[in-house]
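Subject: Structure for you to look at

Hello,

Here is the structure I promised to pass on. Please open it next to this email and follow along.

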Amino acid sequence: WWHGTSFHGIPWIWLCGLLAVIGGNVLDFISLGLTKQSVVSLVGSWTLVVTALIAPPLLGEALTRLDVAATCIIIVGIILTVLGGYTEVEDWPIEKLIAQY
């Protein structure tokens, strides 16, 4: 089953990326039960930023000015949302956490 740089013809880097996406979506789903959706969506927005940053060195893709501008807009949007959001810290007992699921 091991063929050097691939697993049954599928590149290892692609498989690692697939596992990262699946794992991230599972954690994203779990986090929806622990915090507000507005916070979870901000974390999800970072996916686009990270992809834009790691795609050029990792995959050799070209980063255009439009990509840079869009990434900057996403970062500004995240910052504005965090600064404008009202958050209240609440301690949850274990019973309340269990009841969420």
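Start with L32. Leaving aside neighbours within four places in sequence, L32 is in contact with Q37 and V40. L32 itself belongs to helix α1, which covers residues 12-32. Is L32 buried, exposed or partly exposed? Its relative accessible area is 41%. Buried would need under 20%, and exposed would need over 50%. L32 is therefore partly exposed.

Keep in mind that this is a predicted model.

Now the whole chain. The protein chain has four helices and two strands. Along the sequence, the pattern reads β-β-α-α-α-α. How does the radius of gyration of the protein chain stand against the globule rule? The radius is 18 Å, while the rule gives 13 Å for 101 residues. The value is well over the rule, so the chain is more spread out than a compact globule. Taken along the principal axes, the C-alpha atoms fill a box of roughly 50 × 40 × 15 Å. Of the 101 residues, 11% are buried. Look at contacts with a separation of 6 or more: 51% of them join residues 24 or more positions apart.

Next, a pair of helices. Two packed helices are described by the angle between their axes and the distance between the axes. Take helix α2, residues 37-59, and helix α3, residues 65-84. They pack at an angle of about 155 degrees. Their axes are 10 Å apart. Angles over 145 degrees count as roughly antiparallel, so α2 and α3 are roughly antiparallel to each other. The crossing of α2 past α3 is left-handed.

Which residues meet there? From α2 come L42, S45, W46, L48, V49 and A52. From α3 come T71, I74, I75, I78, T81 and V82. By class, this contact has nine nonpolar residues, three polar ones and no charged ones.

Last, pick out T71, one of the α3 residues in that contact. Not counting residues up to four places away in sequence, T71 touches V49 and A52. Both of these partners are on the α2 side of the contact. Is T71 buried or exposed? Its relative accessibility is 12%. The cut-off for buried is under 20%, so T71 counts as buried. Compare L32, which is partly exposed at 41%.

Best wishes

Technical notes
Residues are numbered from 1 along each chain as its sequence is written. This is a predicted model: local features need pLDDT of at least 70, side-chain atom pairs count only at pLDDT 80 or more; totals for chains, interfaces and linings use all residues. Side-chain values use heavy atoms; hydrogens and water are left out. Buried means under 20% relative accessible area, exposed over 50%, partly exposed in between (1.4 Å probe, protein chains only). Contact means heavy atoms within 4.5 Å. Axes are lines fitted to C-alpha atoms, for helices over the stretch in contact, and angles run from 0 to 180 degrees between N-to-C directions. Angles under 35 degrees count as roughly parallel, over 145 as roughly antiparallel, 65 to 115 as roughly perpendicular and the rest as oblique. A crossing is left-handed if the near helix is turned anticlockwise from the far one by less than a right angle, and right-handed if clockwise. Ala, Val, Leu, Ile, Met, Phe, Trp, Tyr, Cys and Pro count as nonpolar, Asp, Glu, Lys and Arg as charged, and the others, Gly among them, as polar. The radius of gyration is taken over C-alpha atoms; the globule rule is 2.2 Å times the number of residues to the power 0.38.
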